Structure formats: C-alpha cells, structure tokens
Amino acid sequence: TRPNVRSLESVRRSAADTQEPPEPAAPGPATPTPRRGAAGHTWEVVWHWQGNNADGPIATEDGKLLFANNDASNVMEMDPATGLARIVYEDVNTGGAVSRSKNGALFVLSAGVGAGVTQLEPQRKLLADTFRGEPLDCVGGTPNDISADARGGVYISVSGVGVFYANPQGVVSQYGNAVTGANGIILSPDERTLYVTNGPVVVAFDVQPDGSLTNQRDFGKLQGGTGGAGSAVDSEGRL
C-alpha cells in the first residue's frame with residue numbers, strides 16, 4: 001500500500017513548511033591530516049523533506065545526487081545548485097539504496113515485502129529476489145545498501161544477517177563471518193576490495209574474478225558513533 005506522503009511541492013522550502021527536521025550537528029574540532037583535509041568544514045542542508053528519505057545516495061557525473069526516497073517508494077535526483085529534487089523512477093518498493101556500475105547500469109535495492117535488486121538503466125528489469133530458492137525476505141534482517149560491479153553483479157548488505165552477492169545471472173550467494181552489522185557497502189575503485197561497515201568496524205574482503213569474496217579482515221574502527229550506515233569512495237580513492 002503506497003504511503004500517504006506530501007506532494008512534491010514540499011521539496012521546496014515554504015512558509016507553511018514548519019516541520020523541518022533538525023539541522024545536522026556541526027562536526028567537532030578536527031586536526032588537519034593528509035586524509036582529512038583542512039579543518040573548518042561545516043555541514044550544510046541542501047535539501048529536505050518530511051519522512052525517511054534520501055537513502056543510499058550516489059553522485060552523478062554532472063554533480064547531482066541520486067537517492068532512494070523510502071517513504072514515497074521512488075528514486076529522486078537532487079541538484080545542489082538549486083536545492084530542488086525531481087522523481088526519476090516510481091514504484092521501487094521502498095527503495096533503500098541506489099548504485100551505478102562502471103558500465104553505466106543503475107540498480108536500486110527494494111527493502112519492502114518482496115525485497116530484491118532491480119536494474120533501472122539501461123532497461124528496467126529484476127536482477128535478483130531469491131536466495132537458495134526462497135524469497136530474499138526469508139534471510140531475515142533488513143536490506144540496507146548495495147554496490148554494483150562492472151560484471152553486472154551487485155553486492156548487498158543485510159543488517160542482522162550479513163553480506164550477499166547477486167551475480168549477473170541473478171544467483172545470490174552469502175559471504176562473510178559474523179558480519180551481522182552489515183550496512184554501508186562499497187567497492188574500491190579497482191574493484192579488488194569490498195568494504196562493509198559492521199557496527200563500529202569497517203570490514204574488508206578481497207574480490208575474486210568471479211565476484212566471490214575471500215580474506216575477510218577488519219580494515220578500521222569508527223571513531224564516533226556505534227555503527228556505520230553508509231559508505232562512499234571519492235574521486236581520489238579515499239574511503
């Protein structure tokens with residue numbers, strides 16, 4: 001059942017829009033390092049909307065953002081230059097994340113009943129929604145995030161369960177040991193390493209030519225909060 005959400009006009013700030021979410025907390029003092037960059041950066045709200053929105057965002061080549069809009073079950077594109085967002089894909093069954101492969105294919109993770117991964121571009125089609133012959137829902141947990149590879153496959157994190165890989169044929173396999181806090185998931189630029197947040201720890205895997213994962217290890221420990229909820233790699237390869 002489609003949730004009862006406000007109209008798209010609520011994307012714009014208006015006098016009647018009084019129930020704004022709290023502003024993000026400013027980051028604490030930071031010591032400049034080669035990895036962190038100069039201190040003094042502050043958070044800036046570039047878009048907002050009531051509800052549980054803007055999940056699993058990725059950047060586009062022209063400087064915009066694509067993200068899954070959970071409450072409205074769509075995928076939206078936001079332009080930081082104008083602060084406005086538009087719907088680009090409807091009916092994505094409570095989308096939880098989007099990911100684009102190096103080959104240009106765009107995928108969305110559906111977290112509603114009947115969870116799975118759907119390719120949206122270049123054509124819309126289901127990639128995977130079963131595991132060992134049963135619905136993906138049956139693995140338990142909550143589908144959180146995805147990272148698409150150049151083979152046509154997609155890595156999936158499911159909190160409370162672990163890490164999965166849907167190969168280009170849609171066959172899903174599970175990997176990892178005790179990665180029950182799996183959430184933010186991202187491939188390295190050379191696609192030889194997969195990083196996954198596991199509660200307060202970032203776990204790394206070696207990626208094999210067929211997409212399978214080996215050599216699980218703790219890559220680093222988060223210095224704030226109790227669990228990572230997303231991952232990204234910038235243009236310089238920094239996680």
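Visitor: What makes the link between the side chains of Asp62 and Thr60 a polar contact?
Guide: The side chains of Asp62 and Thr60 are joined at 2.4 Å, and a polar contact is a pair of N or O atoms within 3.5 Å, where within protein one atom must be able to donate a hydrogen and the other to accept it, and residues adjacent in sequence count only if both atoms are side-chain atoms. The value of 2.4 Å lies within that limit, so the pair is called a polar contact. Please keep in mind that this is a predicted model, in which local features need pLDDT of at least 70 and side-chain atom pairs count only at pLDDT 80 or more, while totals for chains, interfaces and linings use all residues. Residues are numbered from 1 along each chain as its sequence is written, and side-chain values use heavy atoms, with hydrogens and water left out.

Visitor: Where does Asp62 lie, and how do you know whether it is buried or exposed?
Guide: Asp62 sits in the loop between strand E1 (55-59) and strand E2 (65-69), strands being DSSP runs of E with at least two residues, and helices runs of H or I with at least four, numbered from the N terminus. The relative accessible area of Asp62 is 52%; buried means under 20%, exposed over 50% and partly exposed in between, with a 1.4 Å probe and protein chains only, so Asp62 is exposed. Asp62 also belongs to a network of salt bridges with Lys64, Glu77 and Arg86.

Visitor: Why is the pair of Arg151 and Asp149 called a salt bridge?
Guide: In general terms, side chains of opposite charge can pair when their charged atoms come close. The rule asks for a side-chain nitrogen of Lys or Arg within 4 Å of a carboxyl oxygen of Asp or Glu; Arg151 and Asp149 have N to O at 2.9 Å, so the pair qualifies. Arg151 is partly exposed, with a relative accessible area of 31%, whereas Asp149 is buried, at 0%.

Visitor: How do you know that Glu236 and Arg238 also form a salt bridge?
Guide: The closest N and O atoms of Glu236 and Arg238 are 3.9 Å apart, which is within the limit, and therefore the pair counts. Glu236 is exposed, with a relative accessible area of 61%, and Arg238 is partly exposed, with 28%. By this rule the count comes to eight salt bridges.

Visitor: What makes the salt bridge of Asp206 and Arg217 a tie between separate parts of the sequence?
Guide: The side chains of Asp206 and Arg217 meet at 3.1 Å, N to O. Asp206 lies in strand E17 (residues 201-207) and Arg217 in strand E18 (residues 213-221), so the pair ties together parts that are eleven residues apart in sequence. Asp206 has a relative accessible area of 23% and is partly exposed, and Arg217, with 30%, is partly exposed as well.

Visitor: Why is the pair of Phe131 and Phe164 called edge-to-face?
Guide: By the ring rule there are three aromatic pairs. Rings of Phe, Tyr and Trp (its six-membered ring) pair if their centres lie within 6.5 Å, and planes under 30 degrees apart count as stacked, over 60 as edge-to-face and the rest as tilted. For Phe131 and Phe164 the centres are 5.2 Å apart and the planes are at 85°, so the pair is edge-to-face. Phe131 lies in strand E9 (residues 130-131) and Phe164 in strand E13, so parts that are 33 residues apart in sequence are tied together. Both Phe131 and Phe164 are buried.

Visitor: How do you know that Asn74 is buried or exposed, and what does it touch?
Guide: Asn74, found in strand E3 (residues 74-79), has 2% relative accessibility and therefore counts as buried. Leaving out residues up to four places away in sequence, Asn74 touches Phe67, Ala68, Asn69, Ile87, Tyr89, Glu90 and Val92, contact meaning heavy atoms within 4.5 Å.

Visitor: Which residues have the most contacts inside the largest nonpolar core?
Guide: A nonpolar core is a set of buried Ala, Val, Leu, Ile, Met, Phe, Trp, Tyr and Cys residues joined through side-chain atoms within 4.5 Å. The largest has 18 residues, and those with the most contacts inside it are Phe107, Val117, Leu127, Ile146, Val154, Ile156 and Phe164. Strand E12 gives the most to this core, with three residues.
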